[in-house]
Amino acid sequence: MGKRREPNFERLNNALFCKATDAPPLAELFHDIEVMDGLAGREVNTTEDLINFYFNFGYDYVPVDCGKWFTGYRGAEFETNSARSLREGRRKRKIFTDDVKSHFHIDNLSDFKKYDWSHHDWLRGGGDLSYFDYIAEKLPQGMKLVAWSDGIYEIFPKFVGYDNFCYALYDDIKFIEEVFYSTGERAVEAYARVAAHPAVGAVWLADDIGYTEGLLWPPELMRKYLFPYYKRIGDAAKKNGKPFIFHSDGRLWEILPDLIEAGVNAIQPIEPKAWDAEKIIEKYGGRLCVMGTIDLDLLCRGTAFETIGMTKSHIKAYGSGGFAVGTTNTPTYYMKLENYRAMIDAANPEI
């Protein structure tokens, strides 16, 4: 592997704040374990391996899941074996269920109050940032951490089931309010603390609230029950001078003004079947960084030549500031590694 350009978090920071950059940065929420193993040519098992992966492939940061680590330092191993097992299990039993019953069988407010949340990462609150301290000491010069976690709404499809959530919006609003309050307050606490950490350069909230045709539930209800928590996370990021990135699948046209009002600086990804990056830039350029425009379907079924062409054309069209190169979701275990390498090489060639 040849040498990549030296990491410089200011490159990503400038892009997120829609300022000019020397080159568009690479940015992904996270990589599937299999992708990291395949690109590295060996298993990525330790914190040092994780850092080296992002350093070697030209990223200016290392993503850290504050849902995983906020509850306390767990040592040098970042538990890729358990991550592999967990993801295999999720693929088999489909935790992100659209069935009436969820995997955890929480159907109402009474079930929710009885459930033991003590083992669910930041959902239990408390915790410390010792892992952030640990990994920060090992970062190469120029790199920072980006703290991310699953979102506030996503607790519902995971634990309640999407159908039950939709029914509860109209039949059991106290249940909705209680779950949002419980998860939202914990998320705000976690993000406020990580945003203040000196090694954290940005915060990234992943909350899938849309699909290719639109939003998963009414925007007026999002404004009432969800966006106030986004605003408080955005305020915490702004207070510490950190950019706030928002991830959601799907088309979010109706709520982009709400996200900007909440303090979101960048939106990721831009799925081609859902909406168009050029139109977002035309309407919100200078206020909203566009991230993740390289079509995941192309990375899975296309060629390296096609991937290079798309990447270079996007850099030419969007790369003067307010743009970061990445996939239209996250680098997944079933995509072609040669195509992903081609994307990286086109955006960040070896020198």
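This is a predicted model: local features need pLDDT of at least 70, side-chain atom pairs count only at pLDDT 80 or more; totals for chains, interfaces and linings use all residues.
Figure 1. Let us start with helix H16, which covers residues 304-318. H16 has 15 residues and reaches 21 Å from its first C-alpha to its last, close to the 21 Å expected at 1.5 Å a residue. Which residues of H16 are buried? They are Thr 307, Thr 311, His 314, Ile 315 and Tyr 318. Looking down the axis of H16, you will find its buried residues within an arc of 100°, so they line one face of the helix. The face turned away from that buried side carries the exposed residues Phe 305, Lys 312 and Lys 316. As for partners, the buried residues of H16 pack against helix H14 (277-284), helix H15 (296-301), strand E9 and helix H17.

**Figure 2. Thr 332, in the loop between E9 and H17.** This view stays with two of the partners of H16, E9 and H17. Thr 332 lies in the loop that comes between E9 and helix H17 (337-347). Is Thr 332 buried or exposed? Its relative accessibility is 7%, so Thr 332 counts as buried, since buried means under 20% relative accessible area. Which residues does Thr 332 contact, once its neighbours within four places in sequence are left aside? They are Asp 32, Val 35, Leu 296 and Cys 300.

**Figure 3. Helix H2 meeting helix H17.** Val 35, a contact of Thr 332, turns up again here, as part of the contact between H2 and H17. Helix H2 spans residues 33-40, and H2 and H17 pack at an angle of about 75° with their axes 10 Å apart. That angle makes H2 roughly perpendicular to H17. H2 contributes Val 35, Gly 38 and Leu 39 to the contact, while H17 contributes Leu 337, Tyr 340 and Arg 341.

**Figure 4. The open sheet of 7 strands.** Follow the strands across the sheet and you will read the order E1-E2-E3-E6-E7-E8-E9, with parallel pairing. Which strands stand at the edges? Strand E1 (61-65) and strand E9 (323-324) do, each with a single partner strand, so one side of each is left without a neighbour in the sheet. Helix H10 (residues 173-195) packs on the sheet and touches E2 and E3. The direction of H10 makes about 160° with that of E3.

**Figure 5. Strand E3 and its two parallel neighbours.**

**Figure 6. Pro 63 in strand E1.** Now move to an edge strand of the sheet, E1, where Pro 63 lies. Pro 63 is buried, with a relative accessible area of 9%. Not counting residues up to four places away in sequence, Pro 63 touches Leu 29, Leu 50, Tyr 54, Val 146 and Trp 148. How many residues apart in sequence are Pro 63 and Phe 30? They are 33 residues apart in sequence and 6.6 Å apart in space, C-alpha to C-alpha.

**Figure 7. Helix H10 beside helix H12.** H10, the helix that packs on the sheet, also packs with helix H12 (residues 227-239). The angle between H10 and H12 is about 10°, and their axes are 9 Å apart. That makes H10 roughly parallel to H12. On the H10 side, the contact includes Phe 180, Tyr 181, Gly 184 and Val 188. On the H12 side, Tyr 229, Arg 232 and Ile 233 are among the residues that take part.

**Figure 8. Helix H1 and the residue that follows.** Helix H1 (residues 9-16) is mostly covered, with 6 of its 8 residues buried. The buried ones are Phe 9, Arg 11, Leu 12, Asn 13, Ala 15 and Leu 16. Just after H1, look for Cys 18, which takes a positive phi of about 60°.

Note on methods
Residues are numbered from 1 along each chain as its sequence is written. Side-chain values use heavy atoms; hydrogens and water are left out. Two strands pair if DSSP finds at least two bridges between them. Helices (H or I, at least four residues) and strands (E, at least two) are DSSP runs, numbered from the N terminus. Contact means heavy atoms within 4.5 Å. Axes are lines fitted to C-alpha atoms, for helices over the stretch in contact, and angles run from 0 to 180 degrees between N-to-C directions. Buried means under 20% relative accessible area, exposed over 50%, partly exposed in between (1.4 Å probe, protein chains only). The expected span of a helix is 1.5 Å times one less than its number of residues. The arc is that of the directions from the helix axis to the C-beta atoms. Angles under 35 degrees count as roughly parallel, over 145 as roughly antiparallel, 65 to 115 as roughly perpendicular and the rest as oblique.
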